[in-house]
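Have the structure open while you read.

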Amino acid sequence: MPDRIEIEALVLKSVSQLAEDFELTALEKPHLQSPLYGEGGALDSMALVNLIADIEEAVAESYKANIVLADDKAMSEQQSPFRNVDSLIDALLERIQSKN
């Protein structure tokens with residue numbers, strides 16, 4: 001099972017690649033508190049969907065874990081797991097751990 005540092009690297013790489021693909025200068029050099037979606041976030045709904053798909057695919061390839069980030073739990077949480085990089089990492093780790 002991957003640790004937090006590995007997942008952080010995966011998410012930061014995915015966000016950085018998305019920023020390049022969508023020309024999002026605010027996310028070219030993402031960090032843990034980089035806002036993603038919602039208030040102050042650089043992603044619109046289409047970019048968010050792309051990011052989620054990229055991360056789910058990377059997790060499947062790297063760790064042989066099929067996870068779903070945009071599930072009922074994510075949509076019903078008080079604070080969105082997509083609000084910043086750190087909250088996305090937490091959500092991702094939770095889903096990977098629940099698969100084991």
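## How α2 crosses α4

The crossing of α2 over α4 is right-handed. This is a predicted model, so keep that in mind throughout. Helix α2 covers residues 45-63 and helix α4 covers residues 85-99; the two pack at an angle of about 40°, and their axes are 12 Å apart.

Which residues of α2 and α4 meet? On the α2 side they are L51, I55 and V59, and on the α4 side L88, L92 and I96. Sorted by class, this contact of α2 with α4 has six nonpolar residues, with no polar and no charged ones.

## α1 against α4

Helix α1, residues 4-22, also packs on α4, here at an angle of about 125° and with the axes 10 Å apart. That makes α1 oblique to α4. The handedness of this crossing, with α1 passing α4, is right-handed.

From α1, the residues in this contact are R4, I7, E8, L10, V11, L12 and V15. They meet V85, D86, L88, I89, D90, L92, L93 and I96 in α4. By class, the contact of α1 with α4 has eleven nonpolar residues, no polar ones and four charged ones.

Now for the inside. In soluble globular proteins, nonpolar side chains tend to be buried together. In this model the largest nonpolar core has 28 residues, and the members that touch the most others are V11, L43, I55 and L92. Helices α1, α2 and α4 each supply at least two residues of this core, and α2 gives the most, with seven.

Leaving aside residues up to four places away in sequence, V11 touches I55, V85, L88, I89 and L92. Two of those names, I55 and L92, are also on the list of core members with the most contacts.

Is S14 buried or exposed? S14 has a relative accessibility of 10%, so S14 counts as buried. Its place is in helix α1, and S14 touches L51 and I55, again not counting residues up to four places away in sequence.

A58 lies in helix α2. Its relative accessibility is 18%, and the cut-off for buried is under 20%, so A58 counts as buried too. With residues up to four places away in sequence left out, A58 touches L10 and Y63. If you want a distance to check, the C-alpha atoms of A58 and K99 are separated by 16 Å, and these residues are 41 apart along the chain.

## Positive phi in the loops

E23 has a phi near 55°, which is positive in a residue other than glycine. E23 lies in the loop between α1 and α2 and, at 69% relative accessibility, counts as exposed.

What is the phi of K64? Phi of K64 is near 55° as well, again a positive value in a residue other than glycine. K64 lies in the loop between α2 and α3, the latter being residues 72-76. With a relative accessible area of 70%, K64 is exposed.

Notes:
Residues are numbered from 1 along each chain as its sequence is written. This is a predicted model: local features need pLDDT of at least 70, side-chain atom pairs count only at pLDDT 80 or more; totals for chains, interfaces and linings use all residues. Side-chain values use heavy atoms; hydrogens and water are left out. Axes are lines fitted to C-alpha atoms, for helices over the stretch in contact, and angles run from 0 to 180 degrees between N-to-C directions. Helices (H or I, at least four residues) and strands (E, at least two) are DSSP runs, numbered from the N terminus. A crossing is left-handed if the near helix is turned anticlockwise from the far one by less than a right angle, and right-handed if clockwise. Contact means heavy atoms within 4.5 Å. Ala, Val, Leu, Ile, Met, Phe, Trp, Tyr, Cys and Pro count as nonpolar, Asp, Glu, Lys and Arg as charged, and the others, Gly among them, as polar. Angles under 35 degrees count as roughly parallel, over 145 as roughly antiparallel, 65 to 115 as roughly perpendicular and the rest as oblique. A nonpolar core is a set of buried Ala, Val, Leu, Ile, Met, Phe, Trp, Tyr and Cys residues joined through side-chain atoms within 4.5 Å. Buried means under 20% relative accessible area, exposed over 50%, partly exposed in between (1.4 Å probe, protein chains only).
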